[in-house]
Amino acid sequence: MSSGAPSSLADPAVLRARRTEDVVVGDEIVRHRLASRVIHWSVALLFFLALFSGLPIWTPVLGWMAHLLGGLNVCRWLHPWAGLLFFLAMAAMFVHWLGDMRLEPPDREWLRPRKMVEYMKHEGDEAEVGKYNGGQKLFFFAVALGAAGLIVSGLVLWFPLSFPRMASELATLLHDLTFILFVVAVVLHVYLGTAAEPGTFHSMVRGTVTRRWARFHHPRWYREVTGERPRHP
Amino acid sequence: MPQTLEIRRSSASLWGEKTGMRHLPVVAKYIDTTTCIGCKACEVACQEWNDLGPVPTVQTGTYQTLPNLHPEFWNLIRFNERETDKGFAWLMRKDQCMHCEDPGCLAACPSPGAIVQYANGIVDVNPAQCIGCGYCETGCPFDVPKFHQKTGKMAKCTLCVDRVGVGLEPACIKACPTACLQFGTKDDMVARGRSRVEALKANGFDHAVLYDPPGVGGTGVVTVLAHGDHPEWYGLPRDPRVSPLLRLWKSVLRPLGAVAMLGTLFAAVGHFMYQGPKEPREGA
């Protein structure tokens with residue numbers, strides 16, 4: 001394994017290994033097995049479908065998005081169904097990842113505002129970061145809560161005439177607030193998962209990360225997976 | 001009275017929603033509940049002119065045709081019996097769209113042009129643009145627009161915009177045998193209503209009022225109530241207004257949300273330009 005992973009990709013043993021998470025495959029480590037990636041991209045696709053069919057209903061400024069989907073009447077039909085499927089995918093993802101996302105003492109430390117600023121300034125000490133850092137776990141629980149808020153308010157807005165007027169009005173407010181926070185969180189999530197941290201996007205597409213990436217971003221997870229001792233500079 | 005279909009306001013529209021060159025007088029219906037005899041000629045005239053119905057009647061223990069307005073029944077005489085300070089009273093009021101100056105339905109509607117307010121004050125639904133979401137019914141303080149299962153659209157009284165537009169009075173007004181329904185400019189109808197209220201007060205109805213609620217900017221239907229201290233006896237809300245929650249999200253939360261979402265996007269781009277990608281240093 002000198003020049004990197006690609007030569008080994010066709011090896012059936014390697015392909016099988018990619019269905020198991022947290023194993024070393026040559027120069028790379030499997031971070032997200034196929035099931036994780038399928039669930040993640042189902043959630044993402046349905047999120048954007050719901051988003052782009054919902055935004056033109058939210059404001060006429062984005063009315064042009066409705067035309068991409070066949071008009072506002074289509075959006076009015078599509079949005080609730082896309083939203084419902086999004087919620088179901090989110091529920092599957094929640095169950096799938098809950099075990100990995102339990103907050104541990106190092107995560108609570110990570111989540112202190114000063115630490116998060118250090119993280120964004122690339123000055124943080126990540127030595128105790130496991131498979132997911134505190135921010136990733138926070139995002140996980142935030143979007144789970146957000147999805148719950150969206151489905152509850154969304155069901156009321158789907159059938160506004162079946163609920164008391166006050167319920168519809170509060171649902172509108174809740175749906176609005178939740179979706180705004182959701183979009184803010186997703187923008188940050190996409191940024192950190194692509195441009196900000198090279199190699200991360202690859203892990204959600206092909207499933208693997210390089211040893212170097214793992215050692216740098218998630219040292220404790222790297223040690224657990226490889227059995228290597230921590231390095232003291 | 002010149003009537004055209006100039007548009008003053010249009011739902012979910014930003015700029016260029018007004019088409020009006022002309023300043024047209026605002027029109028209104030005048031309803032005098034004290035001289036209504038409950039004959040329902042207006043109900044029949046409405047069904048005939050608008051090619052609606054027939055809608056099977058529902059027995060509610062009174063003479064009322066239906067418990068509520070219906071997507072194919074836009075004009076309903078409400079019958080109420082009350083014990084008043086003047087003894088037992090049989091109250092009848094013609095219920096229909098109130099054609100608010102500040103329509104809650106129009107404010108709540110997310111589809112551009114699905115609800116319009118003409119320059120003459122008439123509030124109308126354009127079914128071609130309606131997406132049948134039902135938000136107008138939620139937004140209406142009078143509970144007027146009704147969702148039609150058959151068409152998937154909302155429907156309500158048009159104030160006979162097709163008659164008014166060619167100089168005729170609405171069908172319900174035309175049919176009224178006691179002249180308790182009248183039609184004209186809002187100013188004329190308000191003046192007529194005020195003089196009728198004065199006459200009622202002179203006859204001992206101290207609480208008589210002309211119902212033209214300011215919370216929705218006044219309505220295109222002004223109603224004389226002998227017992228104006230109890231509008232709910234007639235099925236009218238005491239102080240109808242467009243929901244403050246609706247205004248909160250459309251006027252405050254929505255712009256703030258747009259700023260927050262775009263701001264995050266810019267922050268991400270800015271962070272990347274300043275900080276660059278996070279990668280292990282050489283040799284790490």
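**Figure 1. Helix 2 and helix 8 of chain A cross with a left-handed sense.** In this predicted model, helix 2 of chain A packs against helix 8 of chain A, which covers residues 165-193, with the two axes 12 Å apart and at an angle of about 130°. Helix 2 of chain A and helix 8 of chain A are therefore oblique to each other. From helix 2 of chain A the contact is made by A:His40, A:Phe47, A:Phe48, A:Leu51, A:Leu55 and A:Trp58, and these meet A:Asp176, A:Phe179, A:Ile180, A:Phe182, A:Val183, A:Val186 and A:His189 in helix 8 of chain A. Sorted by class, the residues of this contact between helix 2 and helix 8 of chain A comprise ten nonpolar, two polar and one charged.

**Figure 2. Helix 2 of chain A also packs with helix 4 of chain A, their axes coming within 7 Å.** Helix 2 of chain A spans residues 34-58 and helix 4 of chain A spans residues 72-97, and their axes cross at roughly 150°. Because an angle over 145 degrees counts as roughly antiparallel, helix 2 of chain A is described as roughly antiparallel to helix 4 of chain A. The crossing of helix 2 of chain A and helix 4 of chain A is left-handed, and the residues of their contact divide into 20 nonpolar, eight polar and one charged.

**Figure 3. Chain A as a whole contains eleven helices and three strands.** Read from the N terminus on, the elements of chain A follow the order α-β-β-α-α-α-α-α-α-α-α-β-α-α. The C-alpha trace of chain A spans about 65 × 45 × 30 Å along its principal axes, and 47% of the 233 residues of chain A count as buried. Among the contacts in chain A with a separation of 6 or more, 64% are accounted for by residues 24 or more positions apart.

Notes: Residues are numbered from 1 along each chain as its sequence is written. Chains are lettered from A and ligands numbered from 1 in the order in which they are written. This is a predicted model: local features need pLDDT of at least 70, side-chain atom pairs count only at pLDDT 80 or more; totals for chains, interfaces and linings use all residues. Side-chain values use heavy atoms; hydrogens and water are left out. Axes are lines fitted to C-alpha atoms, for helices over the stretch in contact, and angles run from 0 to 180 degrees between N-to-C directions. Helices (H or I, at least four residues) and strands (E, at least two) are DSSP runs, numbered from the N terminus. Angles under 35 degrees count as roughly parallel, over 145 as roughly antiparallel, 65 to 115 as roughly perpendicular and the rest as oblique. A crossing is left-handed if the near helix is turned anticlockwise from the far one by less than a right angle, and right-handed if clockwise. Ala, Val, Leu, Ile, Met, Phe, Trp, Tyr, Cys and Pro count as nonpolar, Asp, Glu, Lys and Arg as charged, and the others, Gly among them, as polar. Contact means heavy atoms within 4.5 Å. Buried means under 20% relative accessible area, exposed over 50%, partly exposed in between (1.4 Å probe, protein chains only).
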